[in-house]
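Hi everyone, thanks for making time. Let me put the model up on the screen, and then we'll walk through it together.

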Amino acid sequence: MKISKTEVEKLAKLAKLSFSDEELERFTAEFDEIIAFADTINQSIEGGTEQIRSVGARMVSFDDLRPDEVVPSLPNEKILSNVEGYNGFFGLERSKK
Amino acid sequence: MRTGISELAKRLQSREISAMELTKAYIGAIEKLNPTINAYVYLTFDTAMKAAEKADQRLKEGGAPLLCGIPMALKDNICTDGLNTTCCSKILKGFKPYYDATVWEKLKAHGAVLLGKTNMDEFAMGSTSETSCYGAPLNPRNTNYVTGGSSGGSAAAVCANLAVYSLGSDTGGSIRQPASFCGVVGLKPTYGAVSRYGLIAYGSSLDQIGPMTNSVKDAAIVFDAIKGGDRRDQTSVDYDYGSSLAECLDRDVKGMRIGVAEEFFDGINPEIKSKIEEAIKLFERNGAVIENIRLPALKLALPVYYIIACAEASSNLGRYDGIRYGYRTSSYTSIEDMIVKTRSEGFGDEVKRRIMLGTYVLSSGYYDAYYKKACLIREEINREFDAVFEKCDVLVAPTAPNTAFPLNYKGAGPVEMYLSDICTVPVNIAGVPAISVPCGEDSNGLPVGMQIIGKKFDEATVLQAAHFYEQSAGEVIGVYEGGARI
């Protein structure tokens, strides 16, 4: 399967990433190779409509969930400690006039 | 032979040495070697000395746990309250978490002394640790070679004796492969055996924290301290291991059923293959029963792993938007523009590749063909492992198809690098435990690693088999002599 630059750009938009023209060129070539590698799962085992269970799902019994209790959460000043806060909120520059 | 945790604990408890003296010695070694090795990306010497002082107080009072006063290191994706945790990514540079990961909380309660945070591939995505935004750590066994990855700094720190032990994380081999490349021991516990609360997520159905040490016994001691369920990680299980695994290591392998699957040996470097075969013969000479088994679905393990891990990564890394923490672009015209620019400037190429692959396999029209199919094949791989463990107690395999790569080795491109994870990813897909133990050297003097894989929550047998091998072959292969060779 050959992936086009337009498809890579569309994916980038979904992933909230952007590429310069030079990056896009390189990335499209690499991505083509990566998709060909991912395609190797279609080698021999045919997927059916069988129920998907992940390893995690199997480890946790849904009959045994903990009660939905309110527990103490972190204080605002701690949560805001990694960015410039504004009156207890996350601050951003004004981007609309 | 490097002094192990039990011996150090004995000396600390008898007050032959103090935790402060021991910590100072490690700080001195780090100051001397870290500028070359680059194992640590963030040093916490002040907090280490304070922790050592507290440990000394506790040791003086008596009854302190084994890990009290022992200097150690944490991979840079394990959250430490108030101390930098960046996943070696520009997007998290300067990030100081406001809570401790459960594993760190537990080790702190044991009196652990944290020397610093260790280098790694950005967001644990890589096999060489070269995608770190701080530059690659160097392999202490030969500084022209990589440490492996993604827990490369944790492996290098232990190998060069810049920490007594470290913690790494393993999503597709990130503890075991660097352990193999640096000639140390690395244990990936069963999925669910150790809480991942506070581990910065990559592939949540695969990620697991585990110890990296100089001996199997040390790995068992650290695992004993960090294992257990946690209400803050709903995938963790409070499994009853019965007793301390470190105290049950002395068991011979007589009658132990050891499985050998030919699929693990396809395309392996012949030197590595012959080392593992020698080890299998050693087990056999000592009474183990060798079973030749088949795991046919293993040939699909690599694409299954990359599809599932990247799908989960694309979702997990959606949180880096520049709003709540980490890097934020300097100029933007709208919130959307800010998020896209922040992510594009903050993430490195490998992370972008994996986010893009994850986005692709989850996108409408491709979900069934890739993600759903990968989940179905994952079930098949699980079934195969379950069936094999009806007949075997453990499996023995190489940890990696090759020894350490030279620095800056790019191979034929990203896919060739992905292929080097062939021996380790099936273990994460199946959620079973596995250890990598040193198994001699290749003709270039680079360490070879042997992997011992066990049943879910049967770390005990995995550790016993590894300990037996280490005790029986350790003197011959001599990998514990010296560690760093620089």
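Let's start with where the buried residues of α1(A) pack: against α2 (21–38) of chain A, together with α11 of chain B. A quick word on what you're looking at: this is a predicted model, in which local features need pLDDT of at least 70, side-chain atom pairs count only at pLDDT 80 or more, and totals for chains, interfaces and linings use all residues. Residues are numbered from 1 along each chain as its sequence is written, while chains are lettered from A and ligands numbered from 1 in the order in which they are written.

Helices (H or I, at least four residues) and strands (E, at least two) are DSSP runs, numbered from the N terminus. A residue is buried if 20 or more other C-beta atoms lie within 10 Å of its own, exposed if 12 or fewer, and partly exposed in between, with C-beta atoms placed from the backbone. Two residues are in contact if those backbone-placed C-beta atoms lie within 7 Å.

So, which residues of helix α1 (residues 5–14) of chain A are buried? They are Val8(A), Leu11(A) and Ala12(A). Looking down the axis of α1(A), these buried residues fall within an arc of 105°, so they line one face of the helix; the arc is that of the directions from the helix axis to the C-beta atoms. As a reminder, an α-helix has 3.6 residues a turn, so residues three or four places apart point the same way. After α1(A) comes Lys16(A), with a positive phi near 55°.

Zooming out on chain A, there are four helices and two strands, in the order α-α-α-α-β-β along the sequence. Of its 97 residues, 12% count as buried.

Now the contact between the chains. Here 53 residues of chain B are in contact with 37 residues of chain A. On the chain B side, α9 (301–316), α10 (335–346), α11 (349–362), α12 (368–391) and α13 (414–419) each supply at least two residues. The largest share, 10 residues, comes from α12(B).

On to chain B itself, which has 15 helices and 11 strands. Its radius of gyration, taken over C-alpha atoms, is 21 Å, close to the 23 Å that the globule rule (2.2 Å times the number of residues to the power 0.38) gives for 486 residues, so chain B is as compact as a globular protein of that length. The C-alpha trace spans about 65 × 55 × 45 Å along its principal axes. Buried residues make up 61% of the 486 residues in chain B.

Strand β7 (residues 257–261) of chain B pairs in the parallel sense with strand β8 (residues 289–293) of chain B over five bridges, and Gly259(B) stands opposite Glu291(B) in β8(B). What about the other partner of β7(B)? That is β9(B), parallel to β7(B) and joined by two bridges; there, Gly259(B) has Leu395(B) as its bridge partner.

Strand β9 (residues 394–398) of chain B is mostly covered, with five of its five residues buried. Five bridges also join β9(B) to strand β11 (residues 447–454) of chain B, running antiparallel, and Leu395(B) stands opposite Ile453(B) in β11(B).

That's my tour, so over to you!

How values were computed. Two strands pair if DSSP finds at least two bridges between them.
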